[in-house]
Amino acid sequence: MAVAEPTGPALTREEADRALARLGAEHEAVESSLLALQDHAGRRLLEGAELTGETRSRWAAAEALIGQLWAYFDAYTAALTSARELRARRRWPTQGELSELTELLRGSGITLAAHGTAAYGAAGLPAGAPGLTARLSERLSLQELLDRMNGWYAQALDVVVIADAVWSALPARIDLLAAELRRTRSLAHSVGVRPGEHPSGDDLEQITRELTALRAEVIGDPLAFWAGASPSSAPGGGRPDTTRYDRAARALEDVRREVEAVLDVRQDAEQRLMRVRDVLSRADRTLNEARQARAEVLSKIAASVVPAVSGPPTALYEQLSAAADHRRHARWHRLSPLLEGLEQRAEEELLRARESLTAVTAPLAVRAELRGRLDAYKAKTARHGLAEDSLLVERYDAARRMLWSAPCDLIAAEGAVLRYQQALAEALAAGAGERATGRRGES
C-alpha cells in the first residue's frame, strides 16, 4: 500500500492541488490493495478452513482488521470526496476555502467509532497503540487514517501470504511423499519387511503416522510452519519450515534403500547361496588335503613340529542351512544380513584352510628344496668330470640316503647336502689350481 507524506503547514492553492493529487493516487493504491487482498487465494482458503492453534487466533484478528480496513477506507473516501468537492467550487479558492481545505486534508476531522479499535489490539499491537482507548469515538487526520490502514493491512497480509505460501509448498510435497511411502510399503510387504518382523517395517509405520499428523497440522495451522521474517516486513526473508517433512523424507529414503537391498537378495539369493556352498566346499577339500599332508609329514619327516588341522566349519554349515531355509520360506529380510555375514566368513574359512595346508606341508617343501639342490650339485659334478671322485660319491650317497629315507631328518639332511656342496667347491678349486700349474710348465 502507499505511504503518506508527513503533514505540513497551511496549504496554498498549489499545495492543495498537489496534496489532492497525491491523496487520490494513494486512494487508488489502497483500493487496489484491499481488492487484491479480498480476492487473494490464501484469504479464501483461510475463510473455508478449520483452523487451529496460532493460525486460528491470528486469522480471527486479521479478519477483524480486514473489516475495519474497509470501514476506514470508506471514511478515507468520504473525506477525500469532501475535499475534492470543496476544491472544485472555484478555480481560485478564497482564503477561507483554503483554510477549510487545509483542515480537511491535514486536520483531525475524521470521526470514527472507537469499537473499531478492538481488532487493532487483537492483532498484537502494543497496548499504547493509537486507537486503543476507552472512548466511544476518536478523531483522526487523513495521514493518521492512512498510517492506521497501512499497519493493519500489513498484519492481515502477513497472515494471508504466509498461510498461502505454506499451503502451496507443504501439502503437495507431503502427498507426493505419501504416495512414495505407499509404493515402498507395498514393495516392503512383498519381501517380508513388515511391522513387528523387521525394523524397517516398524519405521514405515512410524513414517506413516508422522506424515498423517504432519498434513493435518499443516492444513489446520499453517502459520506454525513458517520460518524467518514475515513477508511484509522482509519480502523473501522467510520460508515454509520443512524440517519435519525433510526428516520423514530422509527416513523413508533409508527404508527404501533397505528394502531394495532385501529385494536384491531375493533376486540373486540362489546364486549367492551357491557361491557360499562352493567356497565352503573348497575350504573343506583344502582341510582334507591338509589332514592328509599332515599324516604324510608325520610319517616321512622326523623331529618336525606339525600344526594340527581343524575340523570342518560346522557352524558355517548350520548357518548355510538356515539361509537356505529362509530362501525357501521367502524370509528375505532375514536372509539379507545372514548372507552378507556368510559370504565374508566363508572366504575367511577358505583362507584359513589354505594357510593350514601351507603350514603342515612346509617340511615337505623343505625336503623337496633340499632334493633339488642335491640333484643340481650332482649335475654340476658330472659337467666338471668329477663323477668318479670318491669323496664326492660318498658324500652324495650319504645325503641321498637321508633325503630319500623315511622318516627324514631334515636338519641332518641339510647338513649332508651342505657338506657335499663344500666338497664339490674344494674339488673344483683344486682342479683349477692344477690346470694353472700345467700351463706355467709348458710355457
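Tutor: The structure holds 2 aromatic pairs, where rings of Phe, Tyr and Trp (its six-membered ring) pair if their centres lie within 6.5 Å, with planes under 30 degrees apart counted as stacked, over 60 as edge-to-face and the rest as tilted. In one of them, the ring centres of Tyr-72 and Trp-152 are 4.9 Å apart and the planes meet at 50°, so this pair is tilted. Tyr-72 belongs to helix 3 (residues 53-87) and Trp-152 to helix 6 (residues 142-190), so the pair ties together parts that are 80 residues apart in sequence. Helices (H or I, at least four residues) and strands (E, at least two) are DSSP runs numbered from the N terminus. Tyr-72 is buried, at a relative accessible area of 1%, and Trp-152 is buried as well, at 0%; buried means under 20% relative accessible area, exposed over 50%, and partly exposed in between (1.4 Å probe, protein chains only).

The rings of Tyr-396 and Tyr-420 have centres 5.7 Å apart and planes at 55°, so that pair is tilted. Here helix 12 (residues 390-403) holds Tyr-396 and helix 13 (residues 410-442) holds Tyr-420, so the pair ties together parts that are 24 residues apart in sequence. Both Tyr-396 and Tyr-420 are buried.

The model is predicted: local features need pLDDT of at least 70 and side-chain atom pairs count only at pLDDT 80 or more, while totals for chains, interfaces and linings use all residues. Residues are numbered from 1 along each chain as its sequence is written, and side-chain values use heavy atoms, with hydrogens and water left out.

Another ring, that of Trp-404, has charged groups over its face. Arg-371 lies over it at 4.5 Å from the ring centre, and Arg-400 lies over the face of Trp-404 at 4.6 Å. The criterion is that NZ of Lys or CZ of Arg is within 6 Å of the ring centre and within 35 degrees of the ring normal.

Turning to the packing, the largest nonpolar core has 56 residues, and those with the most contacts inside it are Leu-46, Trp-59, Leu-145, Met-149, Leu-211 and Val-218. Such a core is a set of buried Ala, Val, Leu, Ile, Met, Phe, Trp, Tyr and Cys residues joined through side-chain atoms within 4.5 Å. Two or more residues of this core come from each of helix 1 (13-39), helix 3, helix 6, helix 7 (199-220) and helix 8 (243-300). Helix 6 gives the most, with 19 residues. Apart from this core lies another, of 44 residues, among them Ala-283, Leu-287, Val-297 and Tyr-396.

Val-218 deserves a separate word. Not counting residues up to four places away in sequence, Val-218 touches Val-166, Trp-167, Leu-170, Pro-171, Ile-174 and Phe-225, contact being heavy atoms within 4.5 Å. Val-218 is among the buried residues of helix 7, which also include Leu-204, Ile-207, Leu-211 and Leu-214. The 22 residues of helix 7 should span 32 Å at 1.5 Å a residue, and the end C-alpha atoms are 32 Å apart, which agrees; the expected span is 1.5 Å times one less than the number of residues.
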